[in-house]
Amino acid sequence: MKRKAYITSTGSYLPESILSNEMICEMVDTSDEWIQERCGVKERRILKDKDKATAYMAAEAAKKALQKGGISKDDIEVIIVATATPEHPFPSTASIVSEMLGIKRAFCFDVSAACSGFLYALNIGARLIESNAYKSVLVIGSDKMSSIMDYTNRNTCVLFGDGAGAVVLKPTNNGFGIGESLLETDGSGYQNLYQKAGGSLFPATADTVLNKEHSISMNGPAVFKMAVENMVGCCKNLLEKHQIQKSEIDYLIPHQANKRIITATADYLEMKMEKVALNIHKYGNTTCASIPICLDEWSSKFKNGDKLILCAFGAGYTYGSTLVTWNSGLEENV
Ligand code: ACO
C-alpha cells in the first residue's frame, strides 16, 4: 500500500479571555441578535498578554499535541506554521516556535494562505511524508486576529477571534490518512479581503496607521458569495473527481468563517449538523486555527476508518478540500 501521512495527535490553545457579543455591543453599533443570526458567533477568545502573540499560541497548541501523542520534541523534523498574523514580517513564526519548543535542526517555514492556510500546510506536510523525505511533521495553524482588528469597524470586529491548533503527522502503510485533495487560488478578488499596509507596497507610515490600513479590510457580501460558491464547489469537485458518494462521508470539518457558509456546505453534502464540526459560536473565526481546533475538539468522536472532508475558503481567494480517512493508530504504521 502507498505510503501516506496520517494525523497521529492533535492539540489546541485558546486564550482564557472572552470577548462576548455584549462587550462588542459596547464598542460598535450592533446587537447580539444580529451577530448570532448573520454570523453564528456568541463570543470569541482574545490573547490579552502584551508580550505574547501567534508563536506563543502555536507553541502551546503544539506542546499539547506532542503530549497527547506521547511524541518527543526530538522526533520532529519539520514545523509548518500557517498564519495570517505572523509574529514578525520575518523570520518565520515557525522558526520562533522551534525555539520556544526547544526543537533543533528542524526544517521550519510558514504558509500564507489566510483561512485556507492550515489546509495548504497540512497538504504540504503530507506530501513531505509521502515522498519518504520525512517521518514526523508538526503542522500548526495560529492567528492573533485581534492584533489586526479595528474594534470600531462593525463589519469585521464581530467575526474574528484568537487561537491555535496543531497536529502531528506520521507515515502509515495501511491506506488510511490524508488522501485526495483539491487546492486552488483565484487572485482576482484579493482586494476584497486583505491587510493593505505593512508589506512592501505600503510600508508602515504615520498615514497608514492613521488611515487604519494595518487592520483587516473586507467586502463582506462579496467574500460571502465567493465563500459559499467555493466551499461547496471544492467539496463537489473533489467528490466527483474521485467518484466518492456524499453518503460515504462521516464528518465535515469546515473552516469557521460564518455559520451560514458552513450550513450551505453541509446542505450540499446532505450532512446532518451533528456530523459537522462547529465551534464558531465559542471562538469566532480564528483564521488558520479554526480547522485544527475543530479536529482537536472532535477527534475523540472519530473511529478508525471514518471519512472526513476538511474544507476552507479565505483571503486570496484561497480555497480547497481534503479527504482524510481517520487512522486511530491501531493498525501497524511505518
Ligand atoms: N451589526 C449590525 N449591522 C451590521 C453589522 C453588524 N456587525 N455589519 C453590517 N451590518 C449592516 C450593514 O451596514 C447593512 O446595513 P444596510 O442594509 O442598512 O446597509 C446590513 O447589516 C447588511 O450588511 P451586509 O454586509 O450585507 O451583511 P451580510 O449579511 O453580508 O453579513 C458578514 C455580513 C457577516 C460580514 C458576511 O458578509 C460574511 O460573513 N462574509 C464573509 C466573511 C468570510 O467568509 N470571510 C472569509 C474568511 S476570513 C479570512 O480569510 C481572513
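I began with the contact between the two domains: 54 residues of domain 1 touch 44 residues of domain 2. I note that this is a predicted model.

Next I looked up where the domains lie. Domain 1 spans 4-174, and domain 2 spans 178-325. I found their C-alpha centres 14 Å apart.

Then I turned to area. About 3800 Å² is buried between domain 1 and domain 2. Carbon and sulfur atoms give 61% of that area. Which three residues supply more than any other three of the area that domain 1 buries against domain 2? I found Cys-115, Leu-119 and Tyr-120, with 17%.

I checked charges across the boundary. The count between domain 1 and domain 2 is two salt bridges. In a salt bridge I looked up, Asp-150 pairs with Lys-212. Their closest N and O atoms are 3.6 Å apart.

Which elements build the side of domain 1 that touches domain 2? I listed those that supply at least two residues each. The strands are strand 1 (4-13), strand 3 (43-45), strand 6 (137-144) and strand 7 (162-172). The helices are helix 2 (32-38), helix 5 (117-130) and helix 6 (154-157). Helix 5 gives the most, with nine residues.

Last, I sorted this side of domain 1 by class. I noted 25 nonpolar, 16 polar and 13 charged residues.

Terms used. Residues are numbered from 1 along each chain as its sequence is written. This is a predicted model: local features need pLDDT of at least 70, side-chain atom pairs count only at pLDDT 80 or more; totals for chains, interfaces and linings use all residues. Side-chain values use heavy atoms; hydrogens and water are left out. Domain bounds come from an automatic or database domain assignment. Contact means heavy atoms within 4.5 Å. Buried area is the accessible area (1.4 Å probe) that two parts lose on being put together, summed over both. A salt bridge is a side-chain nitrogen of Lys or Arg within 4 Å of a carboxyl oxygen of Asp or Glu. Helices (H or I, at least four residues) and strands (E, at least two) are DSSP runs, numbered from the N terminus. Ala, Val, Leu, Ile, Met, Phe, Trp, Tyr, Cys and Pro count as nonpolar, Asp, Glu, Lys and Arg as charged, and the others, Gly among them, as polar.
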